[in-house]
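Let's take a walk through a protein model together. Have the picture ready to turn as you read.

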Amino acid sequence: MSSSKPVSSEDILGQKYDRCLADFLVKTGVGFSVGVVASVILFKRRTFPIALSTGFGAGAAYSDCDRSFNPARIPGTRIIPAASSASPVVPAEPEHKHQL
């Protein structure tokens, strides 16, 4: 019999940081590579495509990491607080009555 031990919050946080770092290195490296190729082929060996595409890769990685640490920032995500009852409590929409 093997007992499944719950995963600690430190381990979850460590896994997220590791995933973010790996994602940052990959996306920044791909951006750098695309920038070098674009610099050589299209822009007569100027440096701005390298810096621009590296920044795009780093920004995309930062955005993904931000979403993994704060899922409420994902568009369309609705966080429902845990309630003691069986059904989730959803606030009713306010009624708007305009009298002219």
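We will start with a helix, then look at charged pairs, aromatic rings and a surface patch.

First, some ground rules. This is a predicted model, in which local features need pLDDT of at least 70 and side-chain atom pairs count only at pLDDT 80 or more, while totals for chains, interfaces and linings use all residues. Residues are numbered from 1 along each chain as its sequence is written, and side-chain values use heavy atoms, with hydrogens and water left out.

Begin with helix H1, which covers residues 9-41. Helices here are DSSP runs (H or I, at least four residues), numbered from the N terminus. H1 has 33 residues and spans 48 Å from its first C-alpha to its last, close to the expected 48 Å. That expected span is 1.5 Å times one less than the number of residues. Which residues of H1 are buried? They are Cys20, Thr28, Gly31, Gly35, Ala38 and Ser39. Buried means under 20% relative accessible area, exposed means over 50%, and partly exposed lies in between, using a 1.4 Å probe and protein chains only. The cover over these buried residues includes H2, a helix made of residues 48-69.

Now look for charges. Side chains of opposite charge can pair when their charged atoms come close. The structure has three salt bridges, each being a side-chain nitrogen of Lys or Arg within 4 Å of a carboxyl oxygen of Asp or Glu. In one of them, Asp23 pairs with Lys27, with the closest N and O atoms 3.6 Å apart. Because these two are four residues apart in helix H1, about one helical turn separates them. Lys27 also forms a salt bridge with Asp64, where the closest N and O atoms are 2.3 Å apart. Since Lys27 lies in helix H1 and Asp64 in helix H2, this pair ties together parts that are 37 residues apart in sequence. Asp64 pairs with Arg67 as well, at 2.9 Å between the closest N and O atoms; both lie in helix H2, three residues apart. Together, Asp23, Lys27, Asp64 and Arg67 are linked in a network of salt bridges.

Next come the rings. Rings of Phe, Tyr and Trp (its six-membered ring) pair if their centres lie within 6.5 Å; planes under 30 degrees apart count as stacked, over 60 as edge-to-face and the rest as tilted. There are two aromatic pairs in the structure. The ring centres of Tyr17 and Phe69 are 5.0 Å apart and their planes meet at 50 degrees, so this pair is tilted. Tyr17 sits in helix H1 and Phe69 in helix H2, 52 residues apart, so to speak a link between distant parts of the chain. Phe43 and Phe48 form an edge-to-face pair, with 5.0 Å between centres and 65 degrees between planes.

Helix H1 gives the largest share of the nonpolar patch, five residues. One member, Val40, is partly exposed at 47% relative accessible area.

Definitions and conventions
Contact = heavy atoms within 4.5 Å.
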